[in-house]
Amino acid sequence: MAGLRAWFGRGLDQDYVDSINSFWTVLLLAVCSVGSFAMRYITTPISCWCPAQFEQSQYSYTQESCFLKGLYYMKPMPNDYDEKIPLILFIQALAFKLPNIIWNSSKHLLTFNMEETVESLKSVQLTNAENSQVMFSDAARVFGSLLRRNRIILALLYLFVKLLSCVNLIAQFVFLTTYFRQYLAIRVGSYAGFDMDSIIKPLLVKDGYCNFLIHRMTTTYDYTVQCTLPITEIYEKIFTFLWYWIFLLAAITILNLVLWAGFLFLPFLRDGRIAAHVNAAKGTRPDEHSITRFISTFLGIDGVLVLSMISWNSSELVSAKLTQHMYQVFREKEEEFQNAREIYAGEPGGGAGATGTEAALPMIDLASGTPNMEKVPIL
């Protein structure tokens, strides 16, 4: 069940924009695909004006033959008209799911499973205060060790998946505009100097003519009838709704990508949130340089992403508590490393601490909690 939820449901390592793209839009397109296929059998897809002498059986044959064989007017209608529309909608649904499939397949190659992390921390809220503190403390130390291996790869993968979603939305918007909002495509093409009317082959046809043969004994009769396609009205409404849906979703997804990139890589956006979480426990605003070291040498960009996902999918309180415990672990490791440097320098009261400036420490020393033996020999 967990595997099915990871592939077809809303993941705990996604934000709401990801869920709209990879789950709700896929579900919408799947329903439209099945519905458009069912319309072929529920409604009367075609209506032809037949000769008065036609009997009911001949009339039914004309309807089915013209619908399956195709019509012609200014441009021919595709023969597989009733099959192509559901197939197009199904392919659109797969295109929306593809970035999520790449994310679910690639994230497991990394050592940090963000979805399991969020799921485990959601249960912490149900325990008592004492057990909660112990679990947060243990989680902070484990995460500090895991984040040592992943500094930025997970964040880059997440942004890449969001970029794929943006590319998919733009491509689908262009496709829908070209084939289902043709007057817009023709107008834009005229501005660019292209004769789009001669290039575009319409996928939706409302009326046309149909030629068919009827054999009676040794004589063959050639008939031409005029037909309309009431089912096209339904298809038009479906694709018109999808055009507006994808246009709005594309604007939201592109904005979401820009905001995530800015939050992860711009310090003035990223550091303020982390500082606010740490400040909630300390009661005083921590030193700005200390927060910068905490992010650059301990959390990394991946850690910021994980804490943000915990906030989105669990609660802001859980994210703040975990941040506070991780900051406490960071300060402990920093003090241990500072004491080791003072012992090595032979200046218990001096060294780096004498200047009042705390040096930025390598991630490998902080995360492991063990001084680098090449720098700090055993005395």
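Predicted model: local features only at pLDDT ≥ 70, side-chain atom pairs only at ≥ 80, totals over all residues.

Started with a pair of helices: α10 passes α12 in a right-handed crossing.

From α10 I listed Trp260, Phe263, Leu264 and Phe265. Their partners on α12 are Ile301, Val304, Leu305, Ser308, Met309 and Trp312. I sorted this contact by class and got nine nonpolar residues, one polar and no charged ones.

Then the geometry. The axes of α10 and α12 are 9 Å apart, and the packing angle is about 125 degrees. An angle of that size makes α10 oblique to α12.

Moved on to α12 (residues 288-313) with α13 (residues 316-345). How close do the axes come, and at what angle do they cross? I got within 11 Å and roughly 155 degrees. Angles over 145 degrees count as roughly antiparallel, so that is the label for α12 against α13. The crossing of α12 and α13 is right-handed. By class, I noted twelve nonpolar, five polar and four charged residues in the contact of α12 with α13. The residues meeting there include Phe294, Phe298 and Leu307 in α12, and Leu322, Met326 and Phe330 in α13. Arg293 of α12 is also in the contact, as are Glu316, Arg331 and Glu334 of α13.

Back to α10 (residues 230-265), this time with α2. Their axes come within 12 Å and cross at roughly 175 degrees, which makes α2 roughly antiparallel to α10. On the α2 side I wrote down, among others, Val17, Ile20, Leu28, Leu29, Cys32 and Arg40. On the α10 side the contact includes Ile234, Tyr235, Phe241, Trp245 and Ile252. The class count for α2 with α10 is 15 nonpolar, five polar and one charged.

The largest cavity holds about 90 Å³ of space. Which helices each supply at least two residues of its lining? I found α2 (16-42), α4 (81-106) and α7 (153-180). Of these, α4 gives the most, with four residues.

For the record, the lining of the largest cavity is Gln14, Asp18, Asn21, Ser22, Phe96, Pro99, Asn100, Trp103, Tyr158, Val161 and Ser165. By class I have five nonpolar, five polar and one charged in that lining.

How values were computed: Residues numbered from 1 in each chain as written. Heavy atoms only, no water. 1 Å grid on protein atoms, 1.4 Å probe; cavity = no way out; pocket = protein on both sides within 12 Å on 5 of 7 lines; lining within 4 Å. Points joined across faces, edges and corners; volume = space filled by probe spheres on them. Nonpolar A, V, L, I, M, F, W, Y, C, P; charged D, E, K, R; others polar. Axes fitted to C-alpha atoms, helices over the stretch in contact; angles between N-to-C directions. Parallel < 35°, antiparallel > 145°, perpendicular 65-115°, else oblique. Left-handed = near helix turned anticlockwise from the far one by under 90°. Contact = heavy atoms within 4.5 Å.
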